[in-house]
Amino acid sequence: MKEQRLKIALVGNPNSGKSTLFNLLTGLNQKIANFPGVTVEKKTGNCTLFSESQKSISAEIIDLPGTYSLYPKTLDEKIPFVVLCDEHDESHPDIAVIVADGTNLKRSLFLCTQVMDLKIPCILAINMIDLVTASGLVIDFDALQNELGIKIVGINASNGEGVDELKRLLTIPVYASEKTFLDCNKFAPDLINSIQQKFHFRTDYIAFLAAHNYKEISLFKQNAYVKDSLQKILTANYFEPFKTQSTETLERYQHISNILSLFIKNPELEESKSISSRLDKVLTHGVWGYVSFLFILFVIFQVIFSLAQVPMNIVDNTFVQLSTWLSNVLPGGILSDLFINGIIAGLAGIVIFIPQIALLFAFIAILEDSGYMARISFIMDKLMRKFGLNGRSVIPLISGVACAVPAILSTRTIQNWKERYITILITPLMSCSARLPVYTLLIALVIPSKSVLFGLINLQGLVLMSLYLIGFCAAIFSAFIFKYLIKSKERSFYIMEIPVYRMPRWKNVLITIFDKVKIFLFDAGKIIIAISIVLWVLSTFGPIQRQQKIAEKYELLKQQPGANKEQLENAFQSERLENSYAGIAGHWMEPAIAPLGFDWKIGIALITSFAAREVFVGTMSTIYSVGNSDDLQTVKERMASETNNLTGKPRYDLATGISLMLFYAFAMQCMSTLAVVKRETETGAFPYFNLFI
């Protein structure tokens with residue numbers, strides 16, 4: 001007989017700490033999938049609970065997308081509505097744990113009381129209890145628990161405080177509240193009565209919510225006749241959804257305010273005494289807010305270049321020493337050459353950039369966890385509207401600095417379809433972490449490593465920041481054009497709750513860094529290593545007759561009196577590389593890219609990096625390893641010593657380096673991004689547009 005599992009749903013507002021609690025409950029025993037029929041991701045995990053008698057209870061934990069109410073406005077918000085209101089949904093829970101932000105109970109209790117009125121067994125977990133105590137708020141838990149009729153526990157998900165008590169409450173019978181927080185019959189009595197007589201929902205409130213969003217409930221989605229029956233009831237009762245929703249919202253909030261005034265002492269601190277409000281006077285100011293944001297970006301890119309330089313040099317020199325040691329200990333031959341100049345060279349092109357990528361994701365995680373990212377969205381809303389976007393578009397654009405794929409997925413929170421599609425189209429223009437290795441290599445080659453303005457500004461860091469700003473400017477300029485090309489009469493509104501500032505949860509920051517670096521190493525790494533091996537083959541072998549003629553030519557030259565065998569060996573390797581399959585392909589396309597200052601080696605890298613931008617570095621590592629016999633030189637040193645045969649000057653001068661960086665700033669070279677654009681827009685037109693325009 002199959003063991004029955006307890007199904008527990010975590011419900012809460014965005015930024016309430018719901019996902020942090022999910023990680024605590026499930027540990028590493030979790031998986032990510034899609035909700036049936038939609039592309040919104042859900043997290044599920046397993047958890048074993050132990051009762052007071054040490055009896056084990058198997059539980060499935062479902063982390064639902066954050067929502068402010070059961071009136072869904074976005075794709076993400078529809079999921080909690082469906083899971084909680086539709087009893088036939090496969091994720092419908094046995095117990096709902098409502099995770100509330102203790103510093104903003106009024107907002108959190110709105111969703112909590114809605115779930116209570118659905119008569120789902122639930123527990124209220126008031127999170128951030130440390131901030132509640134620090135702010136001077138005193139919550140009368142017993143009185144509030146009696147008033148609501150459900151179990152309440154105070155927790156701090158960031159350090160695990162109170163989580164054991166929550167687990168204990170989950171092992172004893174959890175019941176739905178016997179009290180009805182708000183009687184919805186007063187808003188539309190005849191309508192609710194008619195719906196209940198026809199469909200027999202478990203509670204009147206489910207019938208009330210179904211009248212507002214019946215298209216999301218399986219009963220009406222799967223049966224056209226049933227759907228028509230409900231529509232006739234709505235028409236016969238002259239149902240006005242917006243009016244009844246507004247009335248219910250106002251009454252519910254009024255009731256919540258009355259409760260808070262009774263059971264919470266000093267519920268609202270004076271704004272002037274709040275640390276968050278004092279910081280916001282600067283950070284959300286109409287002028288200083290933008291100045292602060294640019295300054296923070298400036299500091300981030302300065303730190304990325306200055307702090308990462310030492311570990312990058314260590315990694316680079318380590319791989320040089322490793323290649324030299326392997327050359328000495330391994331027997332000569334094709335397999336050794338493949339391992340050293342193909343696999344090891346490709347691997348070096350990945351690992352060297354881990355310090356910078358780790359720093360980039362660390363800063364993004366800190367900005368998000370501290371609450372500052374929400375302020376950026378707030379201050380940018382007015383500016384973004386001039387370009388056909390709104391404040392919700394800022395988060396995907398900033399997330400695009402890390403990776404365009406999850407950034408595009410985050411556009412689901414944008415309600416207006418036009419603004420969402422425009423955001424999807426322009427997000428790939430933001431310079432993602434895959435471009436960072438390319439920028440870093442090229443900047444190191446053509447931009448001098450020196451500081452200006454009394455040593456306060458690193459010139460290389462300034463150029464890196466400029467490349468990211470170029471991507472942002474290109475994105476909003478493109479949005480301005482799309483604003484007029486894409487027609488829509490739908491109006492958008494942007495309402496958001498600004499969270500309080502808090503210290504970043506360093507454990508979460510470290511987990512984020514680890515996860516992102518792991519993704520870079522294994523996802524991008526697999527592509528880079530595979531292409532490096534293919535490139536080594538194409539760069540090592542060529543048409544047999546050509547290779548034989550070159551070998552005979554240099555064999556004769558080496559036998560001449562006074563011949564410099566070391567120089568001849570270098571020339572032989574260089575000419576052999578140019579006449580390999582890779583060299584022939586590169587020379588074939590060289591006339592098209594020569595006006596840009598690019599040679600055939602750069603041409604090969606441009607082609608291979610259409611699989612993924614960061615492959616550029618791995619390609620250059622492989623090509624310059626195959627074509628150079630000096631094992632003690634790093635790839636950067638080999639590229640720096642490359643000369644232009646026509647001018648006699650360095651191949652990678654300032655103009656060539658800048659043009660290459662600008663190419664990678666604008667070129668759409670990520671197949672994963674194109675795939676997710678197609679999935680999110682449900683058409684092939686947009687990814688083709690991204691690729692070719």
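Visitor: On what basis are residues numbered, and which pLDDT limits apply?
Guide: Residues are numbered from 1 along each chain as its sequence is written, and side-chain values use heavy atoms, with hydrogens and water left out. In this predicted model, totals for chains, interfaces and linings use all residues, whereas local features need pLDDT of at least 70 and side-chain atom pairs count only at pLDDT 80 or more.

Visitor: How many helices and strands are in the chain?
Guide: Helices (H or I, at least four residues) and strands (E, at least two) are DSSP runs, numbered from the N terminus. By that assignment, the chain holds 31 helices and eleven strands.

Visitor: What share of the residues in the chain is buried?
Guide: Buried means under 20% relative accessible area, exposed over 50%, and partly exposed in between, with a 1.4 Å probe and protein chains only. Of the 693 residues in the chain, the buried share is 52%.

Visitor: How many salt bridges does the count give?
Guide: A salt bridge is a side-chain nitrogen of Lys or Arg within 4 Å of a carboxyl oxygen of Asp or Glu. Under this rule the count is ten.

Visitor: How many residues apart in sequence are the parts that Arg202 and Glu87 tie together?
Guide: The side chains of Arg202 and Glu87 form a salt bridge with an N to O distance of 2.2 Å. Arg202 belongs to the loop between α7 (189–199) and α8 (204–213), and Glu87 to the loop between α2 (75–85) and β5 (95–101), so the pair ties together parts whose separation in sequence is 115 residues.

Visitor: Which residues are linked with Asp117 in a network of salt bridges?
Guide: Asp117 pairs with Arg252, their closest N and O atoms being 3.1 Å apart. This pair links distant parts of the chain, 135 residues apart: Asp117 is in helix α3 (residues 105–117) and Arg252 in helix α11 (residues 241–263). Asp117 is buried at 3% relative accessible area, and Arg252 is buried at 0%. The residues linked with Asp117 in the network are Glu248 and Arg252.

Visitor: What separates Arg168 and Glu165 along helix α6?
Guide: These two side chains meet in a salt bridge of 2.8 Å, N to O. Because Arg168 and Glu165 are three residues apart in helix α6 (residues 163–171), their separation is about one helical turn.

Visitor: Which side chain of opposite charge is nearest to Glu590?
Guide: Glu590 lies in helix α25, and a polar contact of 3.3 Å joins its side chain to that of His587. A polar contact is a pair of N or O atoms within 3.5 Å; within protein, one must be able to donate a hydrogen and the other to accept it, and residues adjacent in sequence count only if both atoms are side-chain atoms. Lys and Arg count as positive and Asp and Glu as negative, while His and the chain ends are not counted. Glu590 is buried yet has no salt bridge, and the nearest side chain of opposite charge, 5.0 Å away, is Arg651.

Visitor: Which helix gives the most to the nonpolar patch?
Guide: The patch on the surface is formed by Ile334, Val534, Val537, Leu538, Phe541 and Tyr581. Tyr581 lies in helix α25 (residues 581–593). With three residues, the helix giving the most is α22 (residues 506–540).

Methods. Patches are made of residues with over 30% relative accessible area and no salt bridge: like charges are joined within 9 Å, nonpolar side chains (Val, Leu, Ile, Met, Phe, Trp, Tyr) within 5 Å. Accessible areas come from the Shrake-Rupley method with a 1.4 Å probe; for residues, only the protein chains shown count as cover.
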